[in-house]
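Please examine the chain shown below.

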Amino acid sequence: MSCDYEEDLTAYVDGELPPARGARLRVHLDTCADCRATEALLRTTVARMAALPAFEPSPASRRAVMAELDALPAPWWARLKTWPRPAVLVPAAGLVAVLAVSLLLTRAGPGAPLALEDASVMELAANLELAEDYELLGLDDMDDLEVVANLHELEVTR
């Protein structure tokens, strides 16, 4: 079935369709056998559903469902609400403040020389000239840098 009124049939049966659209649908039902069949099926289904006894879950069923709901993990937004408690937030903010102040106090100024006592800085400075030579040699692999660095061991003693 592919009528323009197909989606309106449920609202029509439930009496929820606007009057003008309902009037057009009633005219359409006189000409469309598929829509009449669908309308009859919907009315029969609604009537049978209305004839069913009301379902009232037993207290045991209600408790079982509620226990299963309580056992579900809390969604992320509910867990997030519990995190920023003062007992957690105040010490965390204090720790962040202490770290920020210590970083500001130990931070070198713009004109401060590099700390040469740092081993990585010393190694970088020692290999800087070698790295520049490495580019001049046109080597493509960084493994060759070690070979170049150890060339002095290959020197023949004169």
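The points that follow are grouped by topic.

This is a predicted model, in which local features need pLDDT of at least 70, side-chain atom pairs count only at pLDDT 80 or more, and totals for chains, interfaces and linings use all residues. Residues are numbered from 1 along each chain as its sequence is written, and side-chain values use heavy atoms, with hydrogens and water left out.

**Overall fold**
- The chain has 8 helices and 0 strands; helices (H or I, at least four residues) and strands (E, at least two) are DSSP runs, numbered from the N terminus.
- Of the 158 residues in the chain, 11% are buried, where buried means under 20% relative accessible area, exposed over 50% and partly exposed in between (1.4 Å probe, protein chains only).
- Among contacts (heavy atoms within 4.5 Å) between residues at least 6 apart in sequence, 32% join residues at least 24 apart.

- UniProt, in an unreviewed entry, places "domain: Putative zinc-finger" at residues 4-36; its positions are given in the numbering used here, feature names are shortened, and annotations may be inferred rather than shown by experiment.
- Residues 4-36 are 67% helix and 0% strand, with end C-alpha atoms 14 Å apart.
- The largest nonpolar core has 8 residues: Tyr5, Leu9, Tyr12, Leu17, Leu25, Leu29, Cys32 and Cys35. Such a core is a set of buried Ala, Val, Leu, Ile, Met, Phe, Trp, Tyr and Cys residues joined through side-chain atoms within 4.5 Å.
- Helix 1 (9-13) and helix 2 (19-31) each supply at least two residues of this core.
- Leaving aside neighbours within four places in sequence, Tyr5 is in contact with Arg21, Arg24, Leu25 and His28.
- Glu39, in helix 3 (residues 33-51), counts as buried because its relative accessible area is 14%. With neighbours within four places set aside, Glu39 contacts Leu9, Tyr12, Val13 and Leu29.

**Annotated transmembrane region**
- The unreviewed UniProt entry lists residues 87-106 as "transmembrane region".
- This span is 100% helix and 0% strand, and its end C-alpha atoms are 30 Å apart.
- Leu89 lies in helix 6 and is partly exposed, at 38% relative accessibility.
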